Amino acid sequence: METLYPALIIDALSTVRYPGSGKTIVELGMVEDDIRINGRHVDFTLLFDKDTDPFKASLVKSAQAAIKLAAGK
């Protein structure tokens with residue numbers, strides 16, 4: 001298992017692309033600078049322009065999957 005640290009989380013989230021834009025959620029400034037790591041538990045905030053963003057649920061799942069993959073889970 002990989003040791004978790006903020007740069008690893010950002011690297012993992014840099015693989016998640018916002019549909020149709022060709023850019024990652026990190027490039028779009030959607031990842032707030034509030035990454036919290038407590039052992040194997042990671043908390044962070046994704047920022048959306050609208051609460052009704054049609055990709056909100058899928059982006060959250062993709063971000064979680066990217067972190068799990070980077071953490072070796």
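1. A pocket here is an open set of points on a 1 Å grid over the protein atoms alone, where a 1.4 Å probe fits, with protein on both sides within 12 Å along at least five of seven lines. The model is predicted: local features need pLDDT of at least 70, side-chain atom pairs count only at pLDDT 80 or more, and totals for linings use all residues. Residues are numbered from 1 along each chain, and side-chain values use heavy atoms, without hydrogens or water.

2. The largest pocket has a volume of about 280 Å³, taken as the space filled by probe spheres set on the points. It is lined by 13 residues (an atom within 4 Å of a point). Closest to its centre are Val42, Phe44, Gln64, Ile67 and Lys68.

3. Two elements give two or more residues to this lining: β2 (41-43) and α2 (56-71). The most come from α2, with six. By type, the lining has eight nonpolar, two polar and three charged residues.

4. Aspartate 53 sits in the loop between β2 and α2. Aspartate 53 is buried (under 20% relative accessible area). It has no salt bridge (a side-chain nitrogen of Lys or Arg within 4 Å of a carboxyl oxygen of Asp or Glu). Lysine 50, the nearest side chain of opposite charge, is 7.1 Å away.

5. Which salt bridges are there? The count is two. Arginine 36 pairs with aspartate 34 at 3.1 Å, N to O. Aspartate 51 pairs with lysine 56 at 3.9 Å, N to O.

Notes
Helices (H or I, at least four residues) and strands (E, at least two) are DSSP runs, numbered from the N terminus. Ala, Val, Leu, Ile, Met, Phe, Trp, Tyr, Cys and Pro count as nonpolar, Asp, Glu, Lys and Arg as charged, and the others, Gly among them, as polar. Buried means under 20% relative accessible area, exposed over 50%, partly exposed in between (1.4 Å probe, protein chains only). Lys and Arg count as positive and Asp and Glu as negative; His and the chain ends are not counted.
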